[in-house]
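Here is a friendly walk through the inside of a protein model. Have a look at the structure first, and then we can go through its packing together.

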Amino acid sequence: MEKYKKTDTGKDEGIRMILAEKIIALRKRMSWSQEELAEKLNISRQSVSKWEVGATIPDLDKILKMSELFGVSTDYLLKDEMEETELISGKDVPEGRIVSVEEANAYMNTAREVCGRIAAAVSLFILSPIALLMMAAVWEESVWEDRMSILGVIILLSVVAIGVAICIFNGMKLEKYKYIEQEAFSLQYGVEGIVEKRKSDFEGKYRMSIVIGTVLCIVGVIPLLALSLVTERDVPLVGGVCILLLFVAGGVYLFVRAGVVEESFDKLLQCGEYTVENKSVNKKVAFFPGVYWLLVTAIYLGYSFYSGNKWGRSWIIWPVAGVLFAALNAVIREAAKEE
């Protein structure tokens with residue numbers, strides 16, 4: 001590089017060593033090998049190795065590319081006195097927390113790690129009534145009806161408990177990043193580009209998950225409708241409901257798994273439901289989902305026992321509650337915005 005040819009040997013060596021240390025530290029922080037970094041820069045591993053021992057200096061285009069990949073400025077790469085925490089994105093720097101490239105990557109990686117488990121837990125909630133529905137239908141008007149219903153409730157609560165445990169355990173991994181969802185913050189220089197790139201790479205998988213999940217939820221109704229045309233017996237119809245729940249659980253699994261990852265990008269970019277304005281609203285209405293679903297569960301159990309263990313019918317409370325939740329949540333959010 002012409003820039004460095006004009007410098008004296010001592011200064012040139014100093015720049016090489018500063019850059020070498022920065023490249024090593026940033027590469028390790030991104031958990032990349034020399035081969036992986038070389039691949040991203042379209043160069044050989046030996047070139048990266050020479051940079052890291054201070055034998056050579058990268059060309060300007062490679063320095064600019066590394067600045068983008070690592071989410072730091074070129075000044076940070078080349079100047080020893082430059083503090084990384086001073087480099088944030090955006091022209092107007094608001095007060096508050098600054099999210100570094102390390103924090104952003106750790107959060108996105110954690111979201112990707114737990115998304116499948118959280119999705120599985122939600123699917124368990126949907127599948128939990130199946131044993132109860134089948135037992136209630138098979139043993140209806142039998143001397144074993146009450147005992148089978150109680151056993152079904154035990155299975156339901158056990159499955160729900162497993163799902164709750166999975167949600168709590170994996171939710172705790174995301175707890176330390178709660179500020180990303182609730183607080184206004186600034187992104188360190190280059191982080192926004194990294195997040196947007198990962199969001200763009202994930203866009204195809206996200207769309208496919210939504211499409212397949214929607215198709216599963218629609219197709220799941222077909223067996224129930226088909227059975228209702230050929231029989232009026234409770235057992236086959238309840239079997240159709242169970243098949244519907246299986247399809248819905250599969251669809252919801254895809255929705256939640258893709259949604260957790262997609263939300264991690266939106267939260268970092270502070271867009272969609274996670275703009276600064278919406279974060280304020282989210283804080284005000286955070287109580288609603290927990291209170292609502294606890295109330296629905298109480299109504300479901302209370303009605304089922306009070307009506308003489310009619311578990312085969314009371315399941316209708318859940319889809320109705322789901323639709324009602326969406327409506328009430330929208331109304332409450334609008335009211336919170338006007339406050």
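The notes below cover the nonpolar cores, the aromatic rings and the cysteines of this predicted model.

## Nonpolar cores

The largest nonpolar core has 44 residues, and the members that touch the most others are Leu37, Phe70 and Leu268. Helix α7, spanning residues 101-127, gives the most to this core: eight residues. There is also a second, separate core of twelve residues, with Ile126, Ile130, Leu224 and Val252 among them.

Beyond its neighbours within four places in sequence, leucine 37 is in contact with Ile23, Arg27, Trp32, Val48, Leu69 and Phe70.

## Aromatic pairs

The model holds two aromatic pairs. In one, tyrosine 107 and tyrosine 177 are tilted, with 5.3 Å centre to centre and 50 degrees between the planes. This pair links distant parts of the chain, 70 residues apart: tyrosine 107 belongs to helix α7, and tyrosine 177 to the loop between α9 and α10. Both tyrosine 107 and tyrosine 177 are buried.

Phenylalanine 202 and phenylalanine 265 pair edge-to-face, because their planes are at 65 degrees, with the ring centres 6.0 Å apart. Here helix α11 supplies phenylalanine 202 and helix α13 supplies phenylalanine 265, 63 residues apart. Phenylalanine 202 is buried at 7% relative accessibility, and phenylalanine 265 is buried at 1%.

## Cysteines

The disulfide count is zero. Cysteine 115 is buried, at 4% relative accessibility, whereas cysteine 271 is partly exposed, at 25%.

Definitions and conventions: Residues are numbered from 1 along each chain as its sequence is written. This is a predicted model: local features need pLDDT of at least 70, side-chain atom pairs count only at pLDDT 80 or more; totals for chains, interfaces and linings use all residues. Side-chain values use heavy atoms; hydrogens and water are left out. A nonpolar core is a set of buried Ala, Val, Leu, Ile, Met, Phe, Trp, Tyr and Cys residues joined through side-chain atoms within 4.5 Å. Buried means under 20% relative accessible area, exposed over 50%, partly exposed in between (1.4 Å probe, protein chains only). Helices (H or I, at least four residues) and strands (E, at least two) are DSSP runs, numbered from the N terminus. Contact means heavy atoms within 4.5 Å. A disulfide is a pair of cysteine sulfur atoms within 2.5 Å. Rings of Phe, Tyr and Trp (its six-membered ring) pair if their centres lie within 6.5 Å; planes under 30 degrees apart count as stacked, over 60 as edge-to-face and the rest as tilted.
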